[in-house]
Amino acid sequence: MNWMLRLYPARWRARYGEEFGAVLASQRASVGMVLDVLGGAIDAHLHPQILGSDSKQIKGDDTMTLEMLHRCAIGGPKLSPDERRIASRLSIISALVIAILYLVLTKIYRQAPAVQALYWTSIFFPNIIYRQTVYLRKRTRLTQALMLGAGLSAMYLFMLAVFLLGSKL
Amino acid sequence: MMRKTEDDAELADFGRFSEPALLILISLAEEPRHGYSMTEDIETIAGVRLGPGTLYGALARLEARGLIEPLKSEDRRNPYRLTALGESALRARLNSMMAVARTGQRRLASA
């Protein structure tokens with residue numbers, strides 16, 4: 001049953017892990033006990049302050065849950081102001097480029113499926129670019145470009161296929 | 001609701017852990033004990049067996065508040081003892097509970 005210890009934050013485990021393991025080992029496994037430990041683990045994640053300020057500070061996955069909640073709430077990993085600025089600028093620039101491209105292509109090709117697909121894909125472009133920039137920020141420029149290109153192309157091809165199919169119905 | 005003195009209030013915001021915390025303090029009032037020994041003692045005195053999650057949720061809160069403190073130990077079963085603050089919080093809580101119990105019994109007797 002000691003695997004259940006892994007459910008607790010690292011900081012908590014460092015402080016109580018050994019003795020908790022000893023108590024855990026001394027008890028008969030039951031559904032009630034599993035639920036009790038689960039409840040305790042959730043409580044330990046939700047109330048990290050119960051360890052007190054003088055407890056051993058350990059960086060790591062102790063704040064994993066809170067960090068994940070934080071990331072979900074703001075929609076991405078923690079970014080430095082510079083990284084955030086770059087991601088925002090890329091999103092805005094891509095939105096402008098795609099808007100101009102759409103207007104030009106519409107003037108030339110009117111409502112061709114390829115143009116329609118571009119229009120619908122462009123809705124997601126800034127978001128995809130922002131996300132890719134954020135998540136790939138630690139990768140090389142080449143990897144970023146390849147991943148971005150692949151993601152955007154896949155999106156465009158999908159929309160194009162939908163419009164080509166739609167035009168045949 | 002029971003009236004709370006300043007010391008009694010130490011246990012007031014423990015939420016679902018307030019009863020286990022009280023039982024732990026009562027258990028440690030006799031002598032320092034480690035987790036497993038507390039579980040056994042509490043089962044004997046109150047007929048409740050605290051699960052490890054509940055036990056350590058309450059222990060961590062009590063320790064953070066300075067009501068109990070760990071003692072040095074050779075093995076992995078760390079014993080705890082009541083601090084002076086813990087003792088006075090326990091005393092206040094028990095007094096408050098006794099006052100309520102006395103009132104209840106008096107009212108029952110006169111009913």
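Gly151(A) lies in helix 6 of chain A, the stretch covering residues 141-168. In this predicted model, Gly151(A) counts as partly exposed, because it has 17 C-beta neighbours inside 10 Å, and a residue needs 20 or more to be buried. Gly151(A) and Ile129(A) are 22 residues apart in sequence, while their C-alpha atoms are 9.0 Å apart in space.

Stepping back from that glycine, let us look at chain A as a whole. It has six helices and zero strands, giving the pattern α-α-α-α-α-α when read along the sequence. Chain A has 169 residues, and 20% of them count as buried.

Next comes helix 1 of chain A. This helix has 17 residues and spans 22 Å from its first C-alpha to its last, close to the 24 Å expected at 1.5 Å a residue. At Tyr16(A), helix 1 of chain A bends by about 70 degrees. Tyr16(A) is also one of the buried residues of this helix, which include Trp12(A), Phe20(A), Val23(A) and Leu24(A), along with the charged residues Arg11(A), Arg13(A), Arg15(A) and Glu19(A). The buried residues of helix 1 pack against helix 2 of chain A, and also against strand 1 (33-34), helix 2 and helix 3 (52-64) of chain B.

That brings us to the place where the two chains meet. Chain A gives 20 residues to the contact and chain B gives 18 residues. On the side of chain A that touches chain B, the elements giving two or more residues are helix 1 (10-26) and helix 2 (31-46) of chain A. The residues on this side of chain A divide into ten nonpolar, six polar and four charged.

| Helix pair | Angle | Distance between axes |
|---|---|---|
| Helix 1 of chain A and helix 2 of chain B | about 45 degrees | 8 Å |
| Helix 2 of chain A and helix 3 of chain B | about 30 degrees | 6 Å |
| Helix 1 of chain B and helix 2 of chain B | about 100 degrees | 9 Å |

The angle of about 45 degrees makes helix 1 of chain A oblique to helix 2 of chain B. In this pair, Glu19(A), Ala22(A), Val23(A) and Ser26(A) meet Gly35(B), Tyr36(B) and Thr39(B).

Helix 2 of chain A and helix 3 of chain B are roughly parallel to each other, because their angle of about 30 degrees is under 35 degrees. From helix 2 of chain A come Asp36(A), Val37(A), Gly39(A), Gly40(A), Ala41(A) and Asp43(A), and from helix 3 of chain B come Pro52(B), Gly53(B), Thr54(B), Tyr56(B) and Gly57(B). Together they divide into four nonpolar, five polar and two charged residues.

The remaining pair lies within chain B. Helix 1 and helix 2 of chain B, at about 100 degrees, are roughly perpendicular. Leu23(B), Ile24(B), Ile26(B) and Ser27(B) of helix 1 meet Met38(B), Asp41(B), Ile42(B), Ile45(B) and Ala46(B) of helix 2. This contact has seven nonpolar residues, one polar and one charged.

Technical notes
Residues are numbered from 1 along each chain as its sequence is written. Chains are lettered from A and ligands numbered from 1 in the order in which they are written. This is a predicted model: local features need pLDDT of at least 70, side-chain atom pairs count only at pLDDT 80 or more; totals for chains, interfaces and linings use all residues. Helices (H or I, at least four residues) and strands (E, at least two) are DSSP runs, numbered from the N terminus. A residue is buried if 20 or more other C-beta atoms lie within 10 Å of its own, exposed if 12 or fewer, and partly exposed in between; C-beta atoms are placed from the backbone. Two residues are in contact if their C-beta atoms, placed from the backbone, lie within 7 Å. Axes are lines fitted to C-alpha atoms, for helices over the stretch in contact, and angles run from 0 to 180 degrees between N-to-C directions. Angles under 35 degrees count as roughly parallel, over 145 as roughly antiparallel, 65 to 115 as roughly perpendicular and the rest as oblique. The expected span of a helix is 1.5 Å times one less than its number of residues. The bend at a residue is the angle between axes fitted to the seven residues ending there and the seven starting there.
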